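Student: Before we go into details, could we take the labels one by one and ask what each of them rests on?
Tutor: Gladly; here is the model we will talk about.

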Amino acid sequence: RKPVEFIKQILEPSGGEIERPKDWFYAEGHRGKTLMWTISAEDSSKGSYITGVRIQLFFGVQEQTGQSPEAFIRDFVKGKKAKAEVLEECDETEQGMFKRICLEVVEGDYHILYSLFWGKEMDMAAVSIAGTTKALWSTHSATFDKMSKFKALDMKHIEKKAAEEKK
């Protein structure tokens, strides 16, 4: 197998970035206060995909759920643990403007790595779901590890876009 070649993918409109495999597909699906990006081996615009990463960025978590972003994320994890076979968890770490925890599970025929984030000072949370079938996991796990180090937003990018829109 040849090594995976990565390219930088800008996550619009937040200006975040992720290293994605060059031959994978990129799609956006934003709704209200949630931004969503899907980076997958299969073309997700044609329906579902088997191997990929979906990132959801939630704004106004406290306002929408009545929970702090951290409580929102920890409840999500508790729900997953009740339904899935937990393989591994990682401790809280700092990742830019966020704190991150992770949960690796088997759900049915799928092996999934959840990377979960909450804003240290902002009312935001993010959930990254990297998954594929159990059979394909070993083929893609290194790719998922690299992709889990994404940046969800770039405040300079957002400010620049806002200034351009005012012109």
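This is a predicted model: local features need pLDDT of at least 70, side-chain atom pairs count only at pLDDT 80 or more; totals for chains, interfaces and linings use all residues.

Student: In what order do the strands of the open sheet follow one another?

Tutor: The order of its 7 strands is β3-β4-β5-β9-β8-β7-β6, with antiparallel pairing. What makes β3 (25-28) and β6 (85-95) edge strands is that each has a single partner strand, so one side of each is left without a neighbour in the sheet. On average, and with direction ignored, neighbouring strands of this sheet are turned by 15° against each other.

Student: Which helices pack on this sheet, and what do they touch?

Tutor: Helix α2 (residues 69-83) touches β5 (52-59), β6, β7 (98-107), β8 (110-119) and β9 (124-133), and its direction makes about 165° with that of β8. Helix α3 (residues 137-147) touches β4, β5, β7, β8 and β9, and the direction of α3 makes about 160° with that of β9.

Student: How do you know that β3 and β4 are paired?

Tutor: Pairing requires at least two bridges, and β3 and strand β4 (residues 34-40) have 4 bridges in the antiparallel sense, so they qualify as a pair. The bridge partner of phenylalanine 25 is serine 40 in β4, while tyrosine 26 stands opposite isoleucine 39. On its other pairing, β4 joins β5 in the antiparallel sense over 7 bridges, and there leucine 35 has leucine 57 as its bridge partner.

Student: What makes β4 largely enclosed?

Tutor: Of the 7 residues of β4, 7 are buried, so β4 is largely enclosed by the rest of the structure. Thr34, Met36, Thr38 and Ser40 point one way, Leu35, Trp37 and Ile39 point the other way, and all are buried. In a regular strand, side chains alternate between the two faces of the sheet.

Student: How do you know on which side of α3 its buried residues lie?

Tutor: The buried residues of α3 are Trp137, His140, Thr143, Phe144 and Met147. These residues cover an arc of only 130° around the axis, which puts them on the same side of α3. The face turned away from that buried side carries the exposed residues Ser138 and Ala142.

Student: Which residues of the largest nonpolar core touch the most other members?

Tutor: Among its 22 residues they are Ile18, Ile55, Leu57 and Phe98. At least two residues of this core come from each of β4, β5, β7, β8, β9, α3 and β10 (151-153). Apart from it lies another core, of 14 residues, among them Ile73, Ile101, Ala125 and Val127.

How values were computed. Residues are numbered from 1 along each chain as its sequence is written. Side-chain values use heavy atoms; hydrogens and water are left out. Axes are lines fitted to C-alpha atoms, for helices over the stretch in contact, and angles run from 0 to 180 degrees between N-to-C directions. Contact means heavy atoms within 4.5 Å. A nonpolar core is a set of buried Ala, Val, Leu, Ile, Met, Phe, Trp, Tyr and Cys residues joined through side-chain atoms within 4.5 Å. Buried means under 20% relative accessible area, exposed over 50%, partly exposed in between (1.4 Å probe, protein chains only). The arc is that of the directions from the helix axis to the C-beta atoms.
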